[in-house]
Structure formats: structure tokens, C-alpha cells
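Hi everyone, thanks for having me. Please take a look at the sequence and the structure, and then we'll walk through a few spots together.

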Amino acid sequence: MTTTFAIDHDFLLDGRPFKILSGAIHYFRVHPAAWYHSLYNLKALGFNTVETYVPWNLHEPREGEFDFTGMLAVQKFLAMAQGLGLYAIVRPAPYICAEWEFGGLPAWLLPKQVRLRTNDPRYLEAIDQYYAHLMPELVAHQVTHGGNILMMQVENEYGSYGEDHAYLKALRALMRKHGVDVPLFTADGPWPAALNAGSLIDEGVLATGNFGSAAAHNFARLAAFHHAHGRDWPLMCMEFWDGWFSRWGEPVVRRAPADTAAALREVINRGSVNLYMFHGGTNFGFMNGTSARLAHDLPQVTSYDYDAPLNEQGNPTPKYFAIQQMVHEVMPLLPQKAPLVKATLPPGGAKLTAKVSLLEVLDQLAAPISAAYPQPQEALGQTVGYTLYRAHPLIAGTDKGEPAGLRVIDARDRVQVFLDRQPVGTQYQEAIGAPLPLPAAAGRHQLDLLVENMGRVNYGPKLGAITQQKGIRTGVMVDLHFITGFTQYVLDLKRASQVAFTKAWRAGEPGFYRYQFELAEPLDTYLDTRGFGKGVMLVNGVNVGRFWDRGPTLSLYVPAGMLHQGVNEVIVFETEGRFQEELHRVDHPIYEGTGKKEE
């Protein structure tokens with residue numbers, strides 16, 4: 001029998017008032033082997049709905065190539081939720097924010113020079129093609145088709161970006177064209193300017209609000225907006241911020257469990273809610289977002305723990321139990337259960353078995369691409385990660401007889417410079433373009449520049465800016481002129497386990513380090529990154545994320561689903577020439593300055 005869901009004075013499920021108690025779990029941030037664990041714990045909390053974003057840049061990583069398998073099998077995630085008795089809210093907006101690389105937008109849009117998040121026909125055409133493949137994965141799971149999706153989002157916090165209502169109407173039309181027939185909603189900051197700019201309330205699209213406190217005040221503003229447009233709709237906080245994200249070089253953000261539960265009590269006493277996040281999970285690979293700033297954008301860490309009710313691993317925290325107790329006090333008849341708790345491997349170690357310098361194995365990681373001038377990553381068909389640019393400039397003295405200087409013009413985000421395989425310097429956004437002295441004698445020399453894309457912004461006006469194109473965008477100068485004759489290497493770290501570790505390793509260079517350990521039974525673990533500088537770690541060929549000695553996180557979470565019985569391999573790609581003879585596994589996350597589990 002098909003369930004009915006409607007929006008009237010209340011949310012109506014099969015004609016009866018229904019309070020949505022939802023929690024956000026992003027299927028793409030949690031290993032599929034752990035989906036059941038997280039969804040069960042949401043149900044055990046007493047909640048009835050799961051919410052998830054849908055990341056365009058993972059489902060269509062290259063234009064016209066689509067993936068809905070493994071960690072991207074959204075249809076399996078929804079079916080599992082339904083099996084546990086959970087309804088679903090899906091947010092397939094082309095832009096999701098989510099502290100996710102480029103807010104979920106695919107970087108291959110950048111060379112097309114489309115105007116993102118607008119009524120630009122070229123942008124809408126790309127969304128149309130994407131929805132033609134995405135929506136068949138979702139449509140059958142709508143409550144109107146016997147599934148569990150109650151409603152879907154048109155766009156995400158658009159009132160904090162633009163006011164192009166023709167664009168919003170076009171998105172709504174595309175969703176309907178591709179089979180979405182459940183109610184639609186928008187989510188914005190609950191103040192008049194954002195609601196007016198970002199909603200389609202006059203088109204019958206539910207307006208919801210995002211906030212983490214002051215429920216009475218924020219719901220009053222949302223209700224006033226509804227009433228001003230002749231709507232008597234239910235109130236919903238689509239993102240109740242129960243924690244926050246963390247950035248490199250800043251303290252981990254925490255919110256006290258009692259404060260969270262008290263603020264949440266105000267919300268559910270008045271309306272419906274979606275916890276953002278219920279289980280944050282992990283920004284595996286290069287998928288961390290970046291906070292936009294005027295001079296220096298601030299990349300976020302690999303862990304998306306978010307100080308949520310479930311920690312990064314998916315186990316309940318004191319915040320979980322504080323919320324569960326509060327919910328029981330407000331709704332004592334609501335069924336609740338004890339949550340599941342996953343085991344973790346005991347501490348252990350893995351000895352270094354081999355190491356090799358990056359510059360020795362370049363040809364095994366990428367096919368060389370020649371060009372007169374260096375090209376940005378996107379022009380090379382690359383969207384994330386590292387690019388190495390090589391040239392052989394003629395270096396001579398300046399007109400004053402001084403050593404020549406080098407300048408990298410217009411590059412993002414981090415550049416390491418080597419001359420004849422000797423380090424010259426490292427520059428970040430605010431310093432790129434400043435001269436670096438070249439100590440070499442006159443003559444031709446090998447110049448290598450390793451450029452790291454540290455993540456694109458996920459929020460704000462920089463989304464479509466030229467700064468979000470990565471790599472070297474203009475060129476490299478020696479003395480006062482641009483040099484030519486570049487060979488470019490788009491590093492494919494998926495090939496790391498196949499590189500020839502028999503080749504040379506040189507101190508001070510970026511390199512690969514191989515470790516192995518044997519397991520009788522795979523369980524969750526954490527890799528201790530202390531002693532390494534900066535880079536990524538690959539476990540059995542899968543990039544589990546970035547590490548950086550800047551902190552605040554000094555470990556990387558590895559889910560059991562990425563491990564197997566027998567010998568497991570970890571390849572560390574490290575850019576600073578720092579490594580450890582033994583890679584340590586620990587049973588808890590490590591935070592800067594402690595070495596212990598944060599209480």
C-alpha cells in the first residue's frame with residue numbers, strides 16, 4: 001500500500017499529522033558496510049527520517065560518466081533505511097555546500113565558463129543531463145511509488161547566494177520533468193532577505209529554515225514569511241546545527257551535549273527538525289571543502305566528525321544520549337532502543353617496507369603532457385589532487401649581476417619548488433607570486449613545481465570565481481620573463497601501489513612510503529599521522545584522506561570495510577620529506593597536543 005505525504009497546516013502522513021524527526025547521514029561519507037549501523041542508531045534514537053545530500057561531483061566525476069555503485073549506491077542506502085522503518089528527505093540540488101569539495105559542483109564545469117547557480121542555459125543543460133541519470137535512482141523510492149522519500153529539495157541555501165527566481169523555477173521544472181512528484185522544499189537562513197531571495201513559496205514550494213539555536217525567534221520569522229505569502233504551513237528546521245566542522249590550523253569545534261539538547265528541545269516543541277549532522281562521517285580522498293576568505297581560503301580537515309551525536313566512526317557520543325533522554329522526556333511514548341557500538345582494532349604497528357621519491361616514478365603515475373606554457377588542472381582533465389610541472393629554463397644573472405629569481409604567477413593552492421631536485425621554497429595562496437631566489441649557477445637547470453589543489457570553496461561568492469581553477473593558471477617567470485617548454489604530470493595516486501619501489505629515494509623530496517600489516521579480522525582503526533608532514537594515505541588502494549601536521553586532527557579514520565583478512569597495505573604519499581620507520585594504528589582519534597582521545 002502506497003503511503004501518502006502532504007503539506008497542509010501540518011505535515012500529513014496518510015492524512016494524519018506527522019512530526020518529522022530527521023537526522024542527516026551522507027551515504028557518500030560513510031562506508032556502505034557501516035550504513036546499517038548508522039541508520040539503526042538513528043532509529044534507536046527515536047527518530048523517523050533520514051536526510052541526505054547528493055553530490056553531483058562524485059556521481060558525474062567526468063562529464064557524461066556516471067557512477068551509482070559502492071559508496072555512491074544511493075538507491076541501496078534508501079532501501080536499507082526503508083527496511084529499518086525510516087522515511088527519507090533527499091537534497092539532490094546541484095549545489096549542496098556540505099563543507100564538500102566545490103559544494104558538490106563538478107569542477108569540469110569551470111572551463112566551460114558557465115555562470116553557476118543561475119539561469120544560464122549551458123548550466124541548466126548540464127543539470128538536465130545529470131538529472132536524466134540521477135533521478136531514475138531516486139524516483140522509485142518516493143512514497144508516491146511505494147518508497148520512503150517524503151520530499152526533495154530544489155536548491156540549497158540559495159538565498160545566501162542569489163535571487164534568480166527564473167533559475168529556481170527552471171530547477172523545479174527539471175525535477176518534475178524527470179519524475180519527481182513528492183513535495184518540494186527550499187532551505188535558507190530564516191531571515192527575510194534570505195527567504196525572499198531563496199524561496200519559491202508562491203510556486204507552492206515549502207520554505208524551511210536552517211539554524212542551531214533561538215528556535216522561538218527563528219520559527220517566528222519563518223512563520224511570518226509563510227503568512228505574508230498566504231501560507232499556513234508547518235515549521236521545519238531543515239538544518240539544526242548540533243556541532244560544527246573544523247579547519248586545518250584551528251581548534252576542533254565542540255558544542256556541549258546539554259546545550260545541544262536544550263536548544264533542540266525548543267525546536268521539537270514547536271515544529272519538525274533535521275539534525276545536521278546525525279553522523280558526519282569522513283571526507284575521503286580529496287573531497288574536503290574550503291571556507292572562502294578574502295586573502296586566504298581555509299581548507300577543512302578530512303574528518304567530518306562535526307561533533308555530531310555519532311562520532312566519525314559512527315558510535316554514540318554523550319551528545320547522543322543527551323538527545324535521546326530529552327526526546328524521551330518530550331515524547332515518552334516514542335519507541336527508543338539502545339544504540340549499536342562498533343569495535344575497534346587494538347593498537348598496533350606496521351614497519352616501513354619500501355620508499356621511493358616521487359621524481360623517480362613520475363612516468364608511472366601520469367602520461368606527460370607537453371605545452372609551451374603551464375595549464376590549469378581543469379584544462380589537463382584533472383579536478384582534484386596534485387599536478388607536477390617541469391621545465392628546463394636557462395638561468396642567468398640579472399642586469400645587476402645578482403642571482404635570478406623565480407615567480408609563479410596566478411596559481412592555486414600550494415606550490416613546492418625544486419631546482420635540480422633541491423628545494424627552493426613552498427608558497428601558499430597569499431605568497432604565490434612573490435619572488436624566490438634561485439641559487440643555481442648560470443646554465444640550464446631542471447625546474448619542478450608540485451602544485452596541490454587543497455580544495456575548492458563550498459560556500460559564498462567565490463564559487464564561480466577564477467580562483468577555483470587550480471594548478472598554474474598563467475605561468476612561471478625567471479628574472480623578468482615567462483619561461484616556456486613545460487611537461488605536465490597529472491598525478492594518479494590510484495597507481496601508487498604499482499610504482500617501482502626499487503628506484504631511488506632522496507631526502508627532502510616528496511615520496512611514497514609503503515607499510516604492511518596483517519589482520520585476523522578487519523575492524524575499524526585510526527592511522528597515527530604524527531611524524532609525517534603533509535600528504536594523503538591510501539589503504540589497500542583507497543585514498544582515506546589528507547593529513548597535515550598543522551592539526552588539529554593528527555589521525556585518519558579507516559573503516560573496517562576498507563580492510564580485509566590477511567595482509568593490508570598502506571601507501572603514504574608525503575610531500576615534505578618526513579616519514580616514520582613504523583606506522584602506528586591506534587584505537588581512537590588523535591588531536592593536536594594530546595596524543596590521547598579527546599574527552
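Predicted model: local features only at pLDDT ≥ 70, side-chain atom pairs only at ≥ 80, totals over all residues.

Just after H1 comes Gly-46, with a positive phi of about 105°.

Now, on to charges. Side chains of opposite charge can pair when their charged atoms come close. Here the count comes to 33 salt bridges.

We start with Arg-91 and Glu-51, whose closest N and O atoms are 3.5 Å apart. Arg-91 sits in strand E6 (residues 87-91) and Glu-51 in strand E5, so this pair ties together parts that are 40 residues apart in sequence. Both Arg-91 and Glu-51 are buried.

Next, Arg-421 meets Glu-360 in a salt bridge at 2.8 Å, N to O. These two are 61 residues apart, each in a loop. Is Arg-421 buried or exposed? Its relative accessibility is 14%, so Arg-421 counts as buried, the cut-off being under 20%. Glu-360, at 22%, is partly exposed.

Then there is Asp-549 with Arg-578, at 2.4 Å between the closest N and O atoms. Asp-549 is partly exposed at 37%, and Arg-578 is partly exposed at 34%.

One more to find on your screen: Asp-297, Arg-412, Asp-413, Lys-462 and Lys-470 are linked in a salt-bridge network.

Note on methods:
Residues numbered from 1 in each chain as written. Heavy atoms only, no water. Helix = DSSP H or I, 4+ residues; strand = E, 2+ residues; numbered from the N terminus. Salt bridge = Lys/Arg side-chain N within 4 Å of Asp/Glu carboxyl O. Buried < 20%, exposed > 50% of the residue type's maximum accessible area, 1.4 Å probe, protein only.
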